[in-house]
2 protein chains.
Amino acid sequence: MPTKLVTWEEIVEWSRGLANIIKRSGWRPDVIVAIARGGYIPARLLCDFLGVENLLSIQSQHWTEAAKAEEKAVLRFPYIVDMSGKKVLLVDDIVDTGDTVMLAEKFIRENWNPSEVKIAVLQWISPIAKIKPDFYFIEVKEWVWFQYPWTRLEDVTSFIKRMIYEEAKSGKSVWTFEDIVNSFREWYGIDVDRYFYEDALENLIERGFLTRKNGLYIYRGET
Amino acid sequence: MPTKLVTWEEIVEWSRGLANIIKRSGWRPDVIVAIARGGYIPARLLCDFLGVENLLSIQSQHWTEAAKAEEKAVLRFPYIVDMSGKKVLLVDDIVDTGDTVMLAEKFIRENWNPSEVKIAVLQWISPIAKIKPDFYFIEVKEWVWFQYPWTRLEDVTSFIKRMIYEEAKSGKSVWTFEDIVNSFREWYGIDVDRYFYEDALENLIERGFLTRKNGLYIYRGET
């Protein structure tokens with residue numbers, strides 16, 4: 001799986017580019033609604049670049065039903081506000097299937113009474129998305145894992161976990177810190193600040209996936 | 001007024017430091033509530049560093065009543081959700097007077113029924129704040145304008161506006177682009193990427209504060 005580490009500078013550049021596309025359309029939102037959690041940072045930057053003061057959020061996420069091995073989008077903490085006469089821009093980081101953004105849009109249209117709702121995202125994975133967002137900065141045609149800077153610890157944690165799980169199949173279950181860092185770079189073709197490796201390993205110890213003994217990290221044989 | 005340009009790297013470092021302070025306290029939130037707009041980016045980073053999935057926001061802002069020349073905090077789009085049994089962490093970038101965060105906290109306690117509410121901020125201006133936040137990363141004792149990266153365009157726009165307004169008192173009303181950039185650096189002791197100057201000048205033209213003629217920027221004599 002090719003992985004692309006997205007920098008903060010790219011996030012600013014992409015958000016500004018997205019803002020300019022929206023400006024050139026002639027359409028100006030009164031309110032920005034971020035989809036939690038992915039849309040928070042693009043939404044805040046769009047407020048700056050578009051000069052929008054009203055900012056709120058709604059949480060729409062994929063939810064894997066373990067029993068059914070089936071994903072569906074759900075809203076957490078849905079709530080009602082009055083957006084009568086207001087043009088709403090719904091913002092997320094990426095449209096992959098489009099399920100989460102479609103659910104949020106439907107909820108807002110049916111419950112908040114806005115005059116308009118449009119969708120803006122940094123990236124649109126056009127081959128798999130069920131919808132085309134009104135505004136997007138990058139159309140992604142081949143699958144790449146975009147590693148955004150606000151999910152760095154979560155992603156590094158799950159990346160290390162998968163690597164250790166897979167390597168255990170070949171019999172490797174004891175790792176030094178430097179082993180882990182070097183293998184991570186080889187596996188994923190990216191590198192992150194050292195403290196992300198440290199914090200990710202703390203997470204994996206806390207979750208019972210690893211133990212640490214005499215400075216070595218030992219896989220506990222669980223998933 | 002001394003100005004400190006805060007980088008994205010510092011924001012990540014401060015947010016991680018704040019997360020570590022919260023972890024060491026032994027208290028773990030179930031839900032993070034960002035105060036819009038300032039708390040959005042610290043809140044999203046705290047979700048990553050603390051492993052918190054539930055994220056929502058509430059907008060609490062200073063509002064200057066023009067007639068009274070008096071500031072008060074107001075909530076925009078207050079809404080009701082059920083946080084029964086949940087520990088809420090309310091997150092903002094900075095506590096200056098503390099009014100906005102106090103208003104948001106009061107509203108949440110009275111309307112969302114949480115089991116606990118604690119407050120975390122990147123910076124606490126201790127000499128003027130009416131409250132001490134439960135968690136903070138930096139205590140600021142002398143007044144410095146912290147220029148956060150998510151308000152860069154808004155701040156550069158108002159900084160240029162003030163500079164041009166003040167310089168007009170000494171008779172200067174026609175500026176080249178390079179004039180503006182050089183004076184900005186002298187006035188504020190900071191420098192930003194070139195496109196922020198360009199976008200800020202577009203903002204000031206759009207607002208009728210400047211006109212552009214033959215590549216020169218001309219102050220229109222208004223505030």
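Which residues in α5(A) are buried? They are A:Phe177, A:Ile180, A:Val181, A:Ser183, A:Phe184 and A:Tyr188. Before I go on, note that this is a predicted model.

α5 of chain A runs over residues 177-188, which is 12 residues. From first C-alpha to last it reaches 17 Å, close to the 16 Å expected at 1.5 Å a residue. After the helix comes A:Gly189, with a positive phi near 70°.

Now the charged side chains around α5 and α6. A:Glu178 and A:Arg194 form a salt bridge, with their closest N and O atoms 3.3 Å apart. A:Glu178 sits in α5 and A:Arg194 in α6, so this pair ties together parts 16 residues apart in sequence. A:Glu178 is partly exposed at 40% relative accessible area, and A:Arg194 is partly exposed at 48%. Both belong to a salt-bridge network that also takes in A:Glu198.

A second pair is A:Glu202 with A:Arg212, at 2.9 Å from N to O. Here the link is from helix α6 to strand β10 of chain A, 10 residues apart. A:Glu202 has a relative accessible area of 37%, and A:Arg212 has 41%; A:Glu202 is partly exposed, as is A:Arg212.

Next, the interface. How many residues of chain A are in contact with chain B? The count is 44, against 43 residues of chain B. Between them the chains bury about 3,900 Å², 54% of it on carbon and sulfur atoms. There are six salt bridges between chain A and chain B. One joins A:Glu53 to B:Arg76 at 3.0 Å, N to O. On the chain A side, α2(A) gives the most, with seven residues.

Another salt bridge is B:Arg28 with A:Glu206, closest N and O atoms 3.5 Å apart. This pair crosses between chains, from the loop between α1 and β2 of chain B to helix α6 of chain A. B:Arg28 is partly exposed at 30%, while A:Glu206 counts as exposed at 57%.

Last, the strand after that loop. Why is β2(B) described as largely enclosed? Six of its six residues are buried, so the rest of the structure largely encloses it. B:Val31, B:Val33 and B:Ile35 point one way, and B:Ile32, B:Ala34 and B:Ala36 the other. β2(B) pairs with β5(B) in the parallel sense over four bridges, and B:Ile32 stands opposite B:Leu89.

Notes. Residues numbered from 1 in each chain as written. Chains lettered and ligands numbered in written order. Predicted model: local features only at pLDDT ≥ 70, side-chain atom pairs only at ≥ 80, totals over all residues. Heavy atoms only, no water. Helix = DSSP H or I, 4+ residues; strand = E, 2+ residues; numbered from the N terminus. Expected span 1.5 Å × (residues − 1). Buried < 20%, exposed > 50% of the residue type's maximum accessible area, 1.4 Å probe, protein only. Pairing = 2+ DSSP bridges. Contact = heavy atoms within 4.5 Å. Buried area = accessible area lost by both parts, 1.4 Å probe. Salt bridge = Lys/Arg side-chain N within 4 Å of Asp/Glu carboxyl O.
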